[in-house]
Structures are given as structure tokens and as C-alpha cells.
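Please go through this structure with me by question and answer.

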Amino acid sequence: MNISKLMTRDVATISTKENIINAAARMRELNVGSLVVVTKNEVEGIITTWDITSKCIAIGSNPSESLVFDYMTSPIHTGTTKMDVVEAARIMAERKITRLPILDENKLIGIITFADIANALNQFTKDVVGSWKNRSTIN
């Protein structure tokens, strides 16, 4: 299955110049666990709730004086619309990441998460088992 069928197209983003308070507030507002960091439409990195808590808050930095740039993960791994879901899952597993921004001609067009893949796999399994059950009642 092509990655574009599962990815979220409306990607939550933030600038490198925003502070950590604004990043956390945006994540809460959008109910997401990460923001792709962009500057002039170029993907610079990603900031996650883990980055905020473990790299900023846990060491005693003041989040209102701390910039996203200083705590984001960069460089990041990205995928393309030409990838299939299995390849995206392999990249995420190998690199121990749970989110993969998707680019098309270096433009951010989506993001896929391990949860997206797990949910699709779960639905696929239910569909297959359901078709087997239906087939066995017909025969």
C-alpha cells in the first residue's frame, strides 16, 4: 500500500524561532505529539513532547526563554510519496522513530506515524478474518 493512503496531510508545523511554551501550547491545541519544524517551507527538524520534557524541562531550562531550534531533533529522516507503508515502517523501526514526515519534491505534504500503520494493520487483519469467517459460513 502506498504511503499517501495512510499519511496525514494536514501537518502541524512550527518555526525554529518559536519558544517551547508556544510549541507545547500548539501541540495541546492540535492534540498532537509533535510539530514539524519549518523555515521558509524547508523542513528543519521535528520537536516532540519527549524533546520538550527530556531535553528542556528536565534539565531546568525556562521554556518561555527556550527556542524550538535549541531542542528540536535535527536532521530528521523523511519519506516520499513513492514509498510503500512497509518501507516506511522499516525506516521507523530501524531508526527507532515513531513519526516520518513525507516530502514530495522537498515540499512537506504529510506525516505518517507508527500508530497510523498499526491501525491500518489492525483493520486489515479484521477485514481478512471477517472474510474468512463469512466464507466458512457460506461453504
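A predicted model is shown, in which local features need pLDDT of at least 70 and side-chain atom pairs count only at pLDDT 80 or more, while totals for chains, interfaces and linings use all residues. Residues are numbered from 1 along each chain as its sequence is written, and side-chain values use heavy atoms, with hydrogens and water left out.

Q: How many helices and strands does the protein chain have?
A: It has five helices and six strands, where helices (H or I, at least four residues) and strands (E, at least two) are DSSP runs numbered from the N terminus.

Q: Why is one side of β1 and of β3 left without a neighbour in the sheet?
A: Three strands form an open sheet with mixed pairing, in the order β1-β2-β3. β1 (13-14) and β3 (42-48) stand at the edges with a single partner strand each, so one side of each has no neighbour in the sheet.

Q: How do you know that β1 and β2 pair?
A: Two strands pair if DSSP finds at least two bridges between them. β1 and β2 (residues 34-39) have two bridges, in the parallel sense, and isoleucine 14 stands opposite valine 37 in β2.

Q: Why is threonine 48 called buried?
A: Buried means under 20% relative accessible area (1.4 Å probe, protein chains only), as against over 50% for exposed and in between for partly exposed. Threonine 48 has 12%, and is therefore buried. This residue of strand β3 touches Met27, Gly33, Ser34 and Arg99, leaving aside residues up to four places away in sequence; contact means heavy atoms within 4.5 Å.

Q: Why are the buried residues of α4 said to line one face of the helix?
A: In α4 (residues 85-95), the buried residues are Val85, Ala88, Ala89, Ile91 and Met92. Seen down the helix axis they fall within an arc of 160 degrees, so they line one face; the arc is that of the directions from the axis to the C-beta atoms.
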